[in-house]
Amino acid sequence: MSLPAAYQFRIGVPPVPDYLRLRSESGLTPRTQEQAELALPGSWRACHVVHDGGETVGMGRVIGDGGWYFHIVDMAVLPGHQRQGIGDTVLTWLVDEIRTAAPPKAFVSLMADPPGRRLYAKHGFTEDRDRSIGMALWT
């Protein structure tokens, strides 16, 4: 994993205000402070990237049961910091953590919005509509 010198990789979730700002400004669905405060401690693994000056500019998390279900969520990089290897570094670290800490044959899933599909494919994620299809329920 290598980032340009102006960026620092950090293990763990970003602070709640940074998380909310990153989601909103990167194009993910905005969330409330209450949702963030409840969600972030439930991360199985998480990391974020900070730019010189202290601004959090990228993040990613894994939620899961620790046995064999792992779901990558909150992959986000601020538009002004994209194409710097931040998303690649975050995803590499998350997948490596699963490969290292999870039992063999873990099932890793994610929801791929169009901007991230090329990155996910580069890391071995495939669309497999013949076997299953992602479904969602928003309440």
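Residues are numbered from 1 along each chain as its sequence is written, and side-chain values use heavy atoms, with hydrogens and water left out. In this predicted model, local features need pLDDT of at least 70 and side-chain atom pairs count only at pLDDT 80 or more, while totals for chains, interfaces and linings use all residues.

Strand 4 spans residues 69-77. Helices (H or I, at least four residues) and strands (E, at least two) are DSSP runs, numbered from the N terminus. Buried means under 20% relative accessible area (1.4 Å probe, protein chains only).

Strand 4 pairs with strand 3 (residues 55-64) in the antiparallel sense, over 6 bridges. Pairing requires at least two DSSP bridges between two strands. Isoleucine 63 has histidine 71 of strand 4 as its bridge partner. The hairpin of strands 3 and 4 has 4 residues between the strands, and glycine 66 there takes a positive phi near 80°.

Strand 5 (residues 107-110) pairs with strand 4 in the parallel sense, over 4 bridges. Here histidine 71 stands opposite serine 109. The chain runs from strand 4 through helix 3 (residues 86-101) to strand 5 in a right-handed β-α-β crossover. Right-handed means that, with the strands pointing away from the viewer, the path from the first strand over the helix to the second runs clockwise.

Helix 1 (residues 16-26) has Asp18, Tyr19, Leu20, Leu22 and Arg23 buried. Its buried residues pack against helix 2 (33-39), strand 3 and strand 4, with contact meaning heavy atoms within 4.5 Å. Just after helix 1, glycine 27 takes a positive phi of about 100°.

Technical notes: Buried < 20%, exposed > 50% of the residue type's maximum accessible area, 1.4 Å probe, protein only.
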